[in-house]
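Subject: Structure handover

Hi,

Here is the structure I promised to pass on.

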Amino acid sequence: MAKWGEGDPRWIVEERADATNVNNWHWTERDVTSWSQDTINSLLLGLRVEGEEGSCEITDISNIDGEASINNRKGKLIYFYEWVVKASWTGTNKIGIKYKGTVEILNLSDENDMDDLDICVRLCKDQPNTPLTDLMRKEGVKKIRMALGNYVKHLKTEFSQGMILPTENAINGQNQETQAKVKLDKTQMGSSTTKSTPNTGVKISTVSLTIKDTFLTSPEELYRVFLNQEMVQAFTHLAAFVDGCSGGKFRLLEGNVNGQFAELIPDQKIVMKWRFSSWPAGHAATVILNFVNQGSETELILEARGVPSNDEERMKEGWQRYYFDAIKQTFGYGARLC
């Protein structure tokens with residue numbers, strides 16, 4: 001059982017498997033219903049399109065009804081999912097008049113391609129006609145298809161890991177290789193003490209790293225940028241889900257980054273369990289943001305622990321480009337005004 005956010009049943013993925021499932025003969029199943037509901041919600045909420053008529057944004061997800069699971073039968077992965085999604089959208093024309101409507105997705109399932117989805121966009125009955133409805137039906141529907149396509153992509157990558165177990169021959173070969181390596185290590189190390197690592201899962205080599213940068217704003221304002229959903233969407237230029245409280249979840253950059261706020265000290269420190277979706281399921285780095293008041297500016301010190309070694313540079317470059325530099329460019333925290 002892999003848990004995201006201890007104590008929050010929405011982020012628990014249940015797995016029913018036979019520990020003796022050598023050669024993948026038995027049926028193995030993972031229930032990913034709760035994870036799917038959170039993922040669909042985060043990918044759709046805040047989705048925004050703009051045009052000559054104005055802009056439209058999905059402002060509420062009222063219902064995500066259905067189920068999803070991943071099954072392994074004789075080494076073949078089978079994905080089952082079936083959803084009906086209901087949402088609300090708000091349109092704003094060029095002179096600031098707002099209109100409200102609904103979106104209904106009727107047949108998001110493993111039996112239908114994204115192009116076959118029935119996505120119904122309507123204007124609420126009490127609203128006057130507006131060209132924004134056509135904007136939502138054309139450009140909005142395109143973005144909805146892309147977002148739901150990302151859900152299916154994440155479903156097939158993030159939670160399929162570990163579903164296909166090694167065959168009996170592979171296990172025997174691995175054990176023989178391990179035994180040979182142990183003998184070699186004993187010969188090389190002589191009388192030195194060695195620690196045995198249990199052969200139960202994948203061991204991840206990790207590193208720690210530190211990044212420092214300076215922002216021309218107060219700690220209070222910079223702290224708020226990381227916890228406010230609208231501000232996160234502004235500097236990433238993509239829909240995001242951010243529950244900016246201790247224990248709250250976040251998902252951004254089209255689901256490529258997600259995690260949980262573990263500790264918040266207002267205007268001073270943010271501690272996150274932070275991960276790329278491509279990392280092994282259940283593994284997250286601890287990211288600590290320290291906000292240091294420097295008078296007219298704020299020094300931000302990032303400390304990250306548990307970063308997979310092969311993603312060290314990706315982590316550094318990503319935080320610098322998609323967080324620090326993007327925040328400066330979006331909110332003007334990088335240039336002094338004379």
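**What I found**

The chain folds into 6 helices and 15 strands. Keep in mind that this is a predicted model. Of its 338 residues, 42% are buried. If you take the contacts with a separation of 6 or more, 58% of them join residues 24 or more positions apart.

**Confidence**

The average pLDDT for the chain is 80, and 76% of the residues reach at least 70. Going element by element, strand E14 (residues 285-293) has the highest mean, at 96, while strand E1 (residues 2-3) has the lowest, at 32.

**Cavities and a pocket**

I get 2 cavities of 30 Å³ or more. The largest cavity has a volume of about 80 Å³. Its lining is made of Phe226, Val232, Phe235, Val242, Phe250, Leu252, Phe261, Met272 and Tyr323. Helix H5 (229-236) and strand E11 (249-252) are the elements that each give two or more residues to that lining. By class, the lining of the largest cavity comes out as 9 nonpolar residues, with no polar and no charged ones.

What about the open sites? The second largest pocket holds about 310 Å³ of space. There are 13 residues lining this pocket, and the closest to its centre are Leu47, Arg48, Lys143, Leu238 and Ala239. Helix H2 (residues 132-158) gives the most to the lining of the second largest pocket, namely 4 residues.

Ala87 sits in strand E6 (residues 76-93). Is Ala87 buried or exposed? Its relative accessibility is 7%, so Ala87 counts as buried. Ile61 is 26 residues away along the chain, yet the C-alpha atoms of Ala87 and Ile61 are separated by 4.3 Å. Apart from neighbours within four places in sequence, Ala87 touches Ile58, Asp60, Ile61 and Ser62, along with Gly101, Thr102 and Val103.

Leu106 belongs to strand E7 (residues 98-109). With a relative accessible area of 38%, Leu106 is partly exposed, whereas Ala87 is buried. Leu106 and Val85 are 21 residues apart in sequence, with 6.7 Å between their C-alpha atoms. Which residues is Leu106 in contact with, leaving aside its neighbours within four places in sequence? They are Trp83, Val84, Asp118 and Cys120.

**Cysteines**

How many disulfides does the structure hold? The count is 0. Cys56 is at 1% relative accessibility, so Cys56 counts as buried. Cys245, on the other hand, is partly exposed, with a relative accessible area of 35%.

Cheers

How values were computed. Residues numbered from 1 in each chain as written. Predicted model: local features only at pLDDT ≥ 70, side-chain atom pairs only at ≥ 80, totals over all residues. Heavy atoms only, no water. Disulfide = S-S within 2.5 Å. Buried < 20%, exposed > 50% of the residue type's maximum accessible area, 1.4 Å probe, protein only. 1 Å grid on protein atoms, 1.4 Å probe; cavity = no way out; pocket = protein on both sides within 12 Å on 5 of 7 lines; lining within 4 Å. Points joined across faces, edges and corners; volume = space filled by probe spheres on them. Nonpolar A, V, L, I, M, F, W, Y, C, P; charged D, E, K, R; others polar. pLDDT = per-residue confidence, 0-100. Contact = heavy atoms within 4.5 Å.
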